[in-house]
Amino acid sequence: MTIYLQKEATVDELPKIYGAQQTIISLFFGLSTLVFGAIAEWNVQFAFYLAGGLLALSSVYLIFSRSRLNKRYLDVS
């Protein structure tokens, strides 16, 4: 995602974009920590299964959505 933003945004837009991106990431990290803490209090084994399932789903999504990305954004060199 960062590579796409770096190539499409102007130099003046980058600080605002990165600031918004980090704010959203921090918000979701805090909320997910609270939610998973509550789930772990209820049933730890379920929390681990849920985390593994979410990781597997994100992997499948990445595999299938990679073909839709423009080739220039996949070049890591």
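## Trp-42 and the aromatic pair

Trp-42 is exposed, with a relative accessible area of 62%, whereas Phe-46 is partly exposed at 36%. Here buried means under 20% relative accessible area, exposed over 50%, and partly exposed in between, using a 1.4 Å probe and protein chains only. The model is predicted: local features need pLDDT of at least 70, side-chain atom pairs count only at pLDDT 80 or more, and totals for chains, interfaces and linings use all residues. Residues are numbered from 1 along each chain as its sequence is written, and side-chain values use heavy atoms, with hydrogens and water left out.

The count of aromatic pairs comes to one. Its members are Trp-42 and Phe-46, whose ring centres are 5.4 Å apart and whose planes stand at 80°, so the pair is edge-to-face. The rule takes rings of Phe, Tyr and Trp (its six-membered ring) with centres within 6.5 Å; planes under 30 degrees apart count as stacked, over 60 as edge-to-face, and the rest as tilted.

## Fold and surface totals

The protein chain has four helices and zero strands, in the order α-α-α-α along the sequence. Helices (H or I, at least four residues) and strands (E, at least two) are DSSP runs, numbered from the N terminus.

Of the 77 residues in the protein chain, 9% are buried. The chain exposes about 6,700 Å², and carbon and sulfur atoms supply 70% of that area. Accessible areas come from the Shrake-Rupley method with a 1.4 Å probe; for residues, only the protein chains shown count as cover.

## Helix α2

Leu-31 is found in helix α2, residues 14–42, and is partly exposed, with a relative accessible area of 43%. Together with Leu-27 and Leu-34, Leu-31 forms a nonpolar surface patch of about 320 Å² accessible area. Like charges are joined within 9 Å, and nonpolar side chains (Val, Leu, Ile, Met, Phe, Trp, Tyr) within 5 Å.

Gly-37 is also in helix α2 and is partly exposed at 33%. Its C-alpha atom is separated by 8.6 Å from that of Ala-47, 10 residues apart along the chain.

## Helix α3

At 1.5 Å a residue, the 22 residues of helix α3 (residues 44–65) should span 32 Å, and the end C-alpha atoms are 32 Å apart, which agrees. The expected span is 1.5 Å times one less than the number of residues.

Asn-43 caps the N-terminal end of α3, with a side-chain oxygen 3.3 Å from the backbone nitrogen of Gln-45. Ser-59 lies in helix α3 and is partly exposed at 35%. The side chain of Ser-59 reaches the backbone oxygen of Leu-55 at 3.0 Å. A polar contact is a pair of N or O atoms within 3.5 Å; within protein, one must be able to donate a hydrogen and the other to accept it, and residues adjacent in sequence count only if both atoms are side-chain atoms.

Definitions and conventions
Patches are made of residues with over 30% relative accessible area and no salt bridge: like charges are joined within 9 Å, nonpolar side chains (Val, Leu, Ile, Met, Phe, Trp, Tyr) within 5 Å. A salt bridge is a side-chain nitrogen of Lys or Arg within 4 Å of a carboxyl oxygen of Asp or Glu.
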